[in-house]
Amino acid sequence: MQTTLAPEFQNTLAGQEAEAILRKCVHCGFCTATCPTYQLLGDELDGPRGRIYLIKQTLEGEAPTAKTQLHLDRCLTCRNCETTCPSGVQYGRLVDIGRSIVEKKVKRTRFEHLLRWALREGLTSPLFGYAMRLGQWARPVLPSLLKAKIPLLQESVRTKKIPLITSLQELIDLDGPSVQTTRFSRKVLLLAGCVQPAMAPNINKATANVLEAMGVQALYAEGAGCCGALSHHLNAQEAALAQMRRNIDAWWPLLQEGVEALVMTASGCGVSVKEYAHLLAHDKQYATKALDVSNATKDLSEWIIAQTNEIPKLKEKLMGDKVREQGLQAYHPPCTLQHGQQIKEGVQSLLTALGFDVAMATQESHLCCGSAGTYSVLNPSIANTLKERKLGHLLALKPKGILSANVGCISHLQSGASLPVRHWIEMIDSSLLKPSGLDCR
Ligand code: SF4
Ligand code: SF4
């Protein structure tokens, strides 16, 4: 698509990147057919091709309006359109650029500002955990809209404490050299994340148990926090970049010391960290380190599947009766995994190889569940319609439970389902035979 950048964008990195992306789009509209918002609203401007056109107009100098902003806001950033596009248009990057330009030119209402600020600051605040606890305690008397956003308090998975360190030397001081070299010769980093520890604390605990069964120690890096996706998608780019740099400062030294990988238990964080290299490519101080961090980042399923020799050993550590007890589980692949990271069936194959009975919905498994980060709060009507639609397809399988790979999707789907919705790693952990010496449950 030929684009003539307005002078204000001609010499900017964002303008040049957007122009290169737009050039690839041939306006065929294949993407429109698989776009969830187009399917629900039936308006060309609520589909990728229409949004691409709005962004092109803005880049060519036409003043965006509140309507432009509304159509861009309604996009889930699910990137389903990228999977469908035959020309390789990087819609996700383009919409990020378009949104950030429109944000500067179209004034939001005071309420919108306040809500976005509250989401950005509130969800990444250390106080979020306390607020969640309070909400869980008061849950029975909360109005249904609020109740749906607060997951039930989970019974805690017992595990060893995941060490929080700045250097591997601290581990030797903590555990002693013999434990380090014998039991934990392989090490990976996990990210605690911003909302996951409060909403679904068992995910990382279960991951640490499964990794331990594979002879790998899970670690946290002191100083790492929110991956930056939340701020980035709420158009607070500078705040997002600051969070990314802070994480690199925490992770990079440990990767240099020999930690194998940065293993992501939330696909929404994984896709974001894999983009650090691109987002910091022009930052002289951080570009190389960001590339190292992105290269070391693996989704949990991606990392386990790559350990081909360890998978049969992991299977031997599962209790057959516990595996059978799980029954049929319906798996929903999050958009950040199947479209953002292009990993679609890995989880299902892994779980099947381990002996579990898992199926994906036969219809619309490519469609977003409506969670999409803060989208379900900012656009509740579309988010809830997509949730009902997704649950309808998953429940048609008549499963005993639902599995996914991202805390946002899990809590969003759980708010509309009476069946348990879990991270798939929790199912593996609950079927694991724990050697008595290691059974800290
Ligand atoms: S499918 Fe790709 S090339 Fe076709 S309109 Fe959509 S983004 Fe453009
Ligand atoms: S990212 Fe998702 S919602 Fe947005 S235009 Fe693409 S398919 Fe539609």
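Is the crossing of helices H6 and H8 left-handed or right-handed? In this predicted model, the crossing of H6 and H8 is left-handed.

Two packed helices are described by the angle between their axes and the distance between the axes. For helix H6 (residues 66–73) and helix H8 (residues 91–105), the angle is about 145 degrees and the axes lie 10 Å apart. On the H6 side, the residues that take part are Thr 68, Gln 69 and Leu 72; they meet Val 95, Gly 98, Arg 99 and Val 102 of H8. Sorted by class, this contact has 3 nonpolar, 3 polar and 1 charged residues. An α-helix has 3.6 residues a turn, so residues three or four places apart point the same way.

The ligands come next. Around ligand 1 there are 16 residues, and those that come nearest are Cys 25, Cys 28, Cys 31, Cys 85 and Val 89. At least two residues of this shell come from each of helix H3 (30–33), helix H5 (48–59) and helix H7 (80–84). H5 gives the most, with 3 residues. The shell of ligand 1 is made up of 11 nonpolar, 4 polar and 1 charged residues.

Ligand 2 is surrounded by 13 residues, of which Cys 35, Pro 48, Cys 75, Cys 78 and Cys 81 are the closest. Helix H4 (36–41), H5 and H7 each supply at least two residues of the shell around ligand 2. By class, that shell has 8 nonpolar, 3 polar and 2 charged residues.

Now turn to the buried parts of the chain. The largest nonpolar core has 110 residues, and the members that touch the most others are Leu 189, Trp 251 and Trp 424. Apart from neighbours within four places in sequence, Trp 424 is in contact with Tyr 331, Val 347, Leu 351, Leu 403 and Ala 405. Helix H28 (residues 407–414) is mostly covered, with 8 of its 8 residues buried. Among them are Val 407, Ile 410 and Leu 413, and also Ser 411, His 412 and Gln 414.

Is Glu 155 buried or exposed? Glu 155 counts as exposed because it has 7 C-beta neighbours inside 10 Å, and the cut-off for exposed is 12 or fewer. Glu 155 sits in the loop between helix H11 (144–147) and strand S1 (164–165). Pro 201 is 46 residues away from Glu 155 along the chain, yet their C-alpha atoms are separated by 9.6 Å.

Methods
Residues numbered from 1 in each chain as written. Chains lettered and ligands numbered in written order. Predicted model: local features only at pLDDT ≥ 70, side-chain atom pairs only at ≥ 80, totals over all residues. Near = placed C-beta within 6 Å. Helix = DSSP H or I, 4+ residues; strand = E, 2+ residues; numbered from the N terminus. Nonpolar A, V, L, I, M, F, W, Y, C, P; charged D, E, K, R; others polar. Core = buried A, V, L, I, M, F, W, Y, C linked by C-beta atoms within 7 Å. Buried ≥ 20, exposed ≤ 12 C-beta atoms within 10 Å, placed from the backbone. Contact = placed C-beta atoms within 7 Å. Axes fitted to C-alpha atoms, helices over the stretch in contact; angles between N-to-C directions. Left-handed = near helix turned anticlockwise from the far one by under 90°.
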